[in-house]
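Subject: Structure handover

Hello,

Here is the structure I said I would pass on. My notes on what was found in it follow below.

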Amino acid sequence: MTNPETPSSTNEFMKGLWRENPVFVQVLGMCPVLAVSNTAMNALAMGLATAFVLLMSNLLVSLLRDFIPRQVRIASYILIIATFVTLTDYAIEAISLDLHKALGAFISLIVANCLILGRAEAFASKNGVGNAALDALGMGAGFTLALFCLGAVRELLGAGSLFGFAVLPGGFEPWIVMILPSGGFFTLAFWLIAIRIFERRRERRQTAEALQ
Amino acid sequence: MTASIDAWPMYRALVGIGVGCGLLIALVYVGTLPHIERQRAAALEQAVFAVLPGSASRRTFVFDAAGTLVADTGSDGSRVHAGYDAAGRLLGVAIEAEGMGYADTIEILYGYVPADERIVGLRVLASKETPGLGDKIETDERYRANFEALDVRLDAAGEALVNPIAVVKPGTKSNAWEIDGITGATISAQAVGNTVAASAARWLPAVRRNREALAAGGQHDES
């Protein structure tokens, strides 16, 4: 395959983290992003669980890409993804019942996260195992980072704590709305605006430099 | 369209992946099951000890729908956990109950001490009540104190409560069998109170009838 820009391995990884961040740029997988980002811990656990499923399914899809006929590829991908979601579900329950209870149905719903099927279809099925792994690691890290950004802000403002430790002074009255579902939308909007402003400034600076 | 598509690769791919994935799931299931069960048992034990202060061991009993003690603990029915002190004497029983809250079913566990005829502790096992409002049933100290010495005396026949448990307006509790509600969590506080009231009216007579059998459980401890 000849791409206009030859993909280097750092590029494969970094694109998911920032330039094509699944949450902040592609706005994919909004259901878990909004639902389980009410605390930093839940957000981090959900991000890591999704990243694990993404990595394993990308690896397997890439390995089996010559074995899976085109006509049944989506069914095969879903089968693979569902398997790793089930394994993650068992693993989380074995590690911590409380975490399993907090994440609830959203662990099983990782299977419906369009980010994972999207990467399998758009990238892993057309690339070698090494690049597929880097792509998954980058996208997984980007997803985890974004979830953590939401979770940290929501927990900080909604409960005055971070990872369960009180960090704001005792006189702080928690904004309960931030841990309610609507807080997820507010926080996501805030991050999207902040990132757009940052990106636009950078673009302007780059064009200015190019003109000189 | 010609029907010349070779079906074999498709079967091979789908069946192959299906069998492989199935095996993997079965393997991990068997591998994690002991851990999950140990976690669940530990969580239950912690909850039982929390609602029955001073207990050192526990044993689970099962009642059928008619309130008769069933010998087999693996069978279906309502579960009651007897808590014993270090000497193996029956301290009380922890009873599981559930009722409809504001958002979803609330599952609770409460500790009953037959000797004092009091409920001495309550713990919310699972609830989806609104954070900051309904979840005060778990965090509000004043509300939790309602269940530290709740009067649940049975009548002479041992069939009904002398004073049915009642949830009253916040700050108006005047009798030991009343529960002070919570401002801002009216429905959730009412729901927990009603759940305890319904469960107590049904199960406390059954516990009294089977007191000997429950007490005997501590003598030959399962260890």
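**The sheet in chain B**

Seven strands of chain B make up an open sheet, ordered β2-β1-β3-β4-β5-β6-β7, with antiparallel pairing. Please keep in mind throughout that this is a predicted model. The edges of the sheet are β2 (69–70) and β7 (150–151) of chain B, each of which pairs on one side only.

Within the sheet, strand β1 (residues 57–63) of chain B is joined to strand β3 (residues 78–84) of chain B by seven bridges, in the antiparallel sense. In this pair, B:Phe61 stands opposite B:Val80 of β3(B).

Two helices pack on the sheet. Helix α1 (residues 8–51) of chain B touches β1, β3, β4 (90–100), β5 (105–113) and β6 (118–126) of chain B. The direction of α1 makes about 150 degrees with that of β6(B). Helix α4 (residues 186–209) of chain B also packs on the sheet and touches β1, β3, β4, β5 and β6 of chain B. For α4(B), the direction makes about 135 degrees with that of β4(B).

**Chain B as a whole**

Chain B contains five helices and nine strands. Read from the N terminus, its elements follow the order α-β-β-β-β-β-β-α-α-β-β-β-α-α.

The C-alpha atoms of chain B fill a box of roughly 85 × 45 × 30 Å along the principal axes. Its radius of gyration is 23 Å, whereas a compact globule of 223 residues would have one near 17 Å. Of those 223 residues, 29% count as buried. Among the contacts in chain B with a separation of 6 or more, 57% are between residues 24 or more positions apart.

In chain A, helix α3 (residues 40–63) has 24 residues. From first C-alpha to last, α3(A) reaches 34 Å, close to the 34 Å expected at 1.5 Å a residue. Because 18 of its 24 residues are buried, α3(A) is largely enclosed by the rest of the structure.

Regards

Notes
Residues numbered from 1 in each chain as written. Chains lettered and ligands numbered in written order. Predicted model: local features only at pLDDT ≥ 70, side-chain atom pairs only at ≥ 80, totals over all residues. Pairing = 2+ DSSP bridges. Helix = DSSP H or I, 4+ residues; strand = E, 2+ residues; numbered from the N terminus. Contact = placed C-beta atoms within 7 Å. Axes fitted to C-alpha atoms, helices over the stretch in contact; angles between N-to-C directions. Expected span 1.5 Å × (residues − 1). Buried ≥ 20, exposed ≤ 12 C-beta atoms within 10 Å, placed from the backbone. Rg over C-alpha atoms; globule rule 2.2 N^0.38 Å.
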